[in-house]
Amino acid sequence: MTYFPQIFSDTTTSVTLYVNPPHTSIYSSHVRQIVEHCVESTYKVAHGELCAPGRSSARISLVRQIAMYLAHVVCGLSLTEAGKIFCRDRTTVAHGCKIIEDLRDDPIMARALSLLETARQLTAGRVIAAF
């Protein structure tokens, strides 16, 4: 696959849109920001709780698992890359993805994940105004 960074400018912002993105630290940090924003605003989690070291409450752990699932399955990061951006091991990401896949049987959770996937795709087009 080829990689074509495209920069779009208007009077207010510059936006980078990745088409067939490489798995670089820049792409990973964009994925992290997008996924964190979508998940934190949906589940009302304070910024930074998803990457907090150590164990968290069951609620925060579930939200983190959703974020890791989106980063791995929807954004295409490897388990290792998804683990790095959320300060976890790849085996933790694999476990979280399995948990979320099992929860997709619930129609409410399936709909929530579908909406988050759509939000992530829409947000990706407006990713990160120029730093």
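Which side chains meet in a salt bridge with an N to O distance of 2.9 Å? They are those of Glu 117 and Arg 104, a pair treated below together with its surroundings.

## Basis of the description

The structure is a predicted model, in which local features need pLDDT of at least 70 and side-chain atom pairs count only at pLDDT 80 or more, whereas totals for chains, interfaces and linings use all residues. Residues are numbered from 1 along each chain as its sequence is written, and side-chain values use heavy atoms, with hydrogens and water left out.

## Salt bridges

With a salt bridge taken as a side-chain nitrogen of Lys or Arg within 4 Å of a carboxyl oxygen of Asp or Glu, the count comes to three. The bridge between Glu 117 and Arg 104 links distant parts of the chain, since Glu 117 belongs to helix α5 (residues 107-124) and Arg 104 to the loop between α4 and α5, 13 residues apart. Helices here are DSSP runs of H or I with at least four residues, numbered from the N terminus. Accessibility is described by relative accessible area, computed with a 1.4 Å probe on protein chains only: buried is under 20%, exposed is over 50%, and partly exposed lies in between. On this scale Glu 117 is buried at 18%, while Arg 104 is partly exposed at 24%.

The other two bridges lie within helices. Arg 32 pairs with Glu 36, their closest N and O atoms being 3.1 Å apart; because the two residues are four residues apart in helix α1, about one helical turn separates them. An α-helix has 3.6 residues a turn, so residues three or four places apart point the same way.

## Helix α4

Helix α4 has 14 residues and should span 20 Å at 1.5 Å a residue, and the 20 Å between its end C-alpha atoms agrees with this; the expected span is 1.5 Å times one less than the number of residues. Val 93, Gly 96, Cys 97 and Ile 100 are buried in this helix. They cover an arc of only 100° around the axis, which puts them on the same side of α4, the arc being that of the directions from the helix axis to the C-beta atoms.

## Cysteines

A search of the whole structure finds zero disulfides, a disulfide being a pair of cysteine sulfur atoms within 2.5 Å. For Cys 38, the nearest cysteine sulfur is that of Cys 75, at 8.8 Å, and Cys 38 itself is buried, with 6% relative accessibility. For Cys 87, the nearest cysteine sulfur belongs to Cys 51 and is 4.2 Å away.

## Positive phi angles in loops

Cys 87 also has a positive phi, near 60°, although this residue is not a glycine. Cys 87 sits in the loop between α3 (79-85) and α4 (90-103) and is partly exposed at 46% relative accessibility. Lys 44, another residue other than glycine, has a positive phi of about 55°. The loop that holds Lys 44 runs between α1 (25-43) and α2 (58-74), and Lys 44 is exposed there, with a relative accessible area of 66%.
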